[in-house]
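Me: I would like to go through some of the terms used for this structure. Please give the rule behind each one.

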Amino acid sequence: MAITDNKQRYGNVSRLLHWGLALLIIWQFLSASARFFFEDTSIEAFFWPTHKPVGFLILVLMVLRLVWALVNVKRRPESVNLLAKLGHVSMYLLLFAVPVVALFRQYGAGRSFDPFGIPVFSGFEGEKIRWMIDLGSDFHSTLGWILLALIVGHIMMAVWRQKSDKTSVIPRMWGK
């Protein structure tokens, strides 16, 4: 299998980024669900501390994925239709926006952020930046659940296309 993409299927780097992000996103929704449904339990205590660092890792991998997609834009398989293209663009935007608004909230609250011990920004004393906190508080969770709905739709459409006599898209990203 080639490292770069081609018109028939995605290359090793695209597949690694896709499936790596998929696993991290599953973990992220498990941690959010643990926080929502199992607050103050050992389940939440296990998952929740990883939520911020994994979210940051998703952001970093999304930036890499966007750069890689742009490098391969002429070689990639064609979108099946306009709706598929819009769905992918929406997921890309949300995979960027969800962690960014969380970072705004973290910074605006004056809290430092050092995922995996890597300092991203320092905290500060004094007045909090209300608009940053509000942006994160108002949109992080909502956009995250919208992202989950798009991901479920993405999976359902890929399976539907595979089972119907339409264009089979799963082999493009699964690799063989």
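Me: What makes the crossing of helix 1 and helix 3 left-handed or right-handed?

Reply: This is a predicted model, in which local features need pLDDT of at least 70, side-chain atom pairs count only at pLDDT 80 or more, and totals for chains, interfaces and linings use all residues. Residues are numbered from 1 along each chain as its sequence is written, and side-chain values use heavy atoms, with hydrogens and water left out. A crossing is left-handed if the near helix is turned anticlockwise from the far one by less than a right angle, and right-handed if clockwise. The crossing of helix 1 and helix 3 is left-handed. Helices here are DSSP runs of H or I with at least four residues, strands are runs of E with at least two, and both are numbered from the N terminus.

Me: Why is helix 1 called roughly antiparallel to helix 3?

Reply: The axes of helix 1 (residues 12-37) and helix 3 (residues 51-71) cross at roughly 155° and come within 10 Å. That angle makes helix 1 roughly antiparallel to helix 3. Angles under 35 degrees count as roughly parallel, over 145 as roughly antiparallel, 65 to 115 as roughly perpendicular and the rest as oblique. Axes are lines fitted to C-alpha atoms, for helices over the stretch in contact, with angles from 0 to 180 degrees between N-to-C directions.

Me: Why are helix 3 and helix 4 called oblique to each other?

Reply: The axes of helix 3 and helix 4 (residues 82-108) cross at roughly 140° and come within 9 Å. Helix 3 and helix 4 are therefore oblique to each other. Helix 3 passes helix 4 in a left-handed crossing.

Me: How do you know which class the residues in the contact of helix 3 with helix 4 belong to?

Reply: Ala, Val, Leu, Ile, Met, Phe, Trp, Tyr, Cys and Pro count as nonpolar, Asp, Glu, Lys and Arg as charged, and the others, Gly among them, as polar. Among the residues that meet are Lys52, Gly55 and Phe56 in helix 3 and Tyr92 and Gln106 in helix 4. By class, the contact has 13 nonpolar, 2 polar and 2 charged residues.

Me: Which residues does His18 touch, not counting residues up to four places away in sequence?

Reply: His18 touches Arg65, His154 and Met173, where contact means heavy atoms within 4.5 Å. His18 and Met173 are 155 residues apart in sequence, and 8.0 Å apart in space, C-alpha to C-alpha.
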